[in-house]
Amino acid sequence: MEMEMEMEYPADFRCPISMELMNDPVTICTGVTYERKNIEKWFFTYKKKACPATMQSIQSFHLTPNHTLKRLIQSWLKNHESQSCSSPSPPRPSVKHGELVSLLSSVGSSPFKVTSLKKLRSIIEMGEETKADFIRSGGVEVVVQIVVQILVEGSDFVTFRVCEEALGVLYQLPFSEQDKTLEILSKPESMRSMAIVLQRGSAGARLYAISIFRKVAKTDYNWNFMINDQGIDFFKSLLELVSDEICTKASSCALEVLIEIMSLSKKSRLQAIEAGAICVLIELLPDSSRSKCEKILLLMKLLCECAEGRLALVEHSMGIPAVSKKIFHVSNTATKIGVKIMWLICSFHPKERVLEEMLIYGLVNKFLTLLHMEGRSSTKDEVVKMLKLHANSWRQYPCFPCELNEYLGLVNVAC
């Protein structure tokens, strides 16, 4: 039985000298990895001056711990043990398992990391089997360690390029809380590294980063760390992606991430407002698709729950006209959110100029149409409240619809 279990170890996990599983792998100057006690005995007991595997003559006997391979071995043993206990038939390795393990064990120390990462990506793109094999083999941990090097080594071109390619590998994976992929990616160093790519990366790398952020946002991740750590620059990079007219997928992901973040705290909304969110959203609203329009309006509603957001909207020359135009012209959801935005404006920012714009751009007439709809709703209740609050101001204008008098109980007022 022991021999059968031993034969199941991947070849790259075995010491080339003893052919046994390595516990303390170290790499020598030729790039080959050995079990420490075996290579030390070879060099210092037998006084050999050549690499055991390649027989290449060497001058340096320095031993470098191969932490990446050690983590891979530990992860493999842990997964193998849990599969043996919980299931009589553990998942079979993919046909690319050997190549996968070999790449994962060497990519961390390879001088050609981009090439190795591209090979990894091509393997996991083959299908769900290779993706699952990659995750089981500890691939996520290995690649994330490469991503976070951007924090350790700075943002020189080579390190940045390697980080981008590593994100391209992670982007291909199906995220599941069961395999702890999201837990690893949600760690502070990982999130900080992806935020840097979001701000300064290529178009493709920014798509990888924002797509991963979107998957993280669908969990119960606490965004306070990112808000405090990255500040206003984080929101500026998200808003820049929202404005991306070339990559609609990146734009949509950025909108969803912003909605998740700003639904959680007032602090996040204030930082987004300071980053110019209201202006960006207003200018995007007129030409947006149905789905994008609903998301933009939802973000505007969240921002208008702050006094600073309401002020930014009414001070923008296209603020009220842009929201007004979308009521009744997009969807029931857009209409409901649009009315909510105007209710917030009317309740907390009822300046004469604002009320005049609402009348001029047809909002009051749209309110009348809503009143004619059958049934009761929170949207209709908000309309009635707005009309009761500001009807006297609107009635002084000749374009005030006389029909509203009936609803407001002003029966004795002549039209």
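**A first look at the aromatic rings and the sheet**

Both Tyr221 and Trp223 are buried (under 20% relative accessible area with a 1.4 Å probe, protein chains only). This is a predicted model, where local features need pLDDT of at least 70, side-chain atom pairs count only at pLDDT 80 or more, and totals for chains, interfaces and linings use all residues. Residues are numbered from 1 along each chain as its sequence is written, and side-chain values use heavy atoms, leaving out hydrogens and water.

**Aromatic rings**

- Rings of Phe, Tyr and Trp (its six-membered ring) pair if their centres lie within 6.5 Å; planes under 30 degrees apart are stacked, over 60 edge-to-face, and the rest tilted.
- The count by this rule is nine aromatic pairs.
- One of them joins Tyr221 and Trp223 edge-to-face, at 4.9 Å centre to centre with 85 degrees between the planes.
- Phe234 and Phe235 also make an edge-to-face pair, at 5.9 Å and 65 degrees, and both are buried.
- Phe213, Tyr221, Trp223, Phe234 and Phe235 form one aromatic cluster.

**The sheet and its helix**

- Here, strands (E, at least two residues) and helices (H or I, at least four) are DSSP runs, numbered from the N terminus.
- Three strands form an open, antiparallel sheet in the order β2-β1-β3, where pairing takes at least two DSSP bridges between two strands.
- The edge strands, β2 (33-35) and β3 (64-65), each pair on one side only.
- Strand β1 (residues 25-27) pairs with β3 over two bridges, and Val26 has Pro65 in β3 as its bridge partner.
- Helix α2 (residues 36-45) packs on the sheet and touches β1, β2 and β3, with contact meaning heavy atoms within 4.5 Å.

Methods: Buried means under 20% relative accessible area, exposed over 50%, partly exposed in between (1.4 Å probe, protein chains only). Axes are lines fitted to C-alpha atoms, for helices over the stretch in contact, and angles run from 0 to 180 degrees between N-to-C directions.
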